[in-house]
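Here is a walk through one protein structure, from its overall make-up to a feature on its surface. Please look at the sequence and the model before reading on.

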Amino acid sequence: VSGKETDKIKLMGVNLVNCKRIKTSAIKESIAVIEGSVIEAYRVSGSVVFFAKVVAAYVREDLMNRYGWDFSKVSLPLHGWGRLFYIIDSKTKHMFAK
């Protein structure tokens, strides 16, 4: 959906809050936020790849345990390549990609 024609924030039903270190907004309902300051931008095969310095990072502490993410409480989509995503959660035992 293009943001030029649709209010994506309203469509998703989320709320925005100010970031802590940079002058932009974050989604209030996010499980984690990484704020970055762009260092370089490169055009690669019709896309732009941004390299940034992380200036702030924060997570919802109720979704963490002493080892990191508590997968009994959160399912994280991880980008593999192209249109391939992996889901990690408490029910996932083994995962293979071909």
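The model shown is a predicted one. Its secondary structure consists of 1 helix and 8 strands.

Next comes the question of cover. The protein has 98 residues, and 12% of them are buried. Its accessible surface amounts to about 8600 Å², and carbon and sulfur atoms hold 55% of that area.

Which residues make the patch? I39, Y42, V44, V49 and F51 form it, and the patch covers about 460 Å². Two strands, β3 (32-44) and β4 (47-59), each supply at least two residues of the patch. The strand that gives the most is β3, with 3 residues.

F51 belongs to strand β4. Is F51 buried, exposed or partly exposed? F51 has a relative accessible area of 44%, so it counts as partly exposed, since that class lies between the limits of 20% for buried and 50% for exposed. A residue needs over 30% relative accessible area to be part of a patch, and F51, at 44%, is above that limit.

How values were computed: Residues are numbered from 1 along each chain as its sequence is written. This is a predicted model: local features need pLDDT of at least 70, side-chain atom pairs count only at pLDDT 80 or more; totals for chains, interfaces and linings use all residues. Side-chain values use heavy atoms; hydrogens and water are left out. Helices (H or I, at least four residues) and strands (E, at least two) are DSSP runs, numbered from the N terminus. Buried means under 20% relative accessible area, exposed over 50%, partly exposed in between (1.4 Å probe, protein chains only). Accessible areas come from the Shrake-Rupley method with a 1.4 Å probe; for residues, only the protein chains shown count as cover. Patches are made of residues with over 30% relative accessible area and no salt bridge: like charges are joined within 9 Å, nonpolar side chains (Val, Leu, Ile, Met, Phe, Trp, Tyr) within 5 Å. A salt bridge is a side-chain nitrogen of Lys or Arg within 4 Å of a carboxyl oxygen of Asp or Glu.
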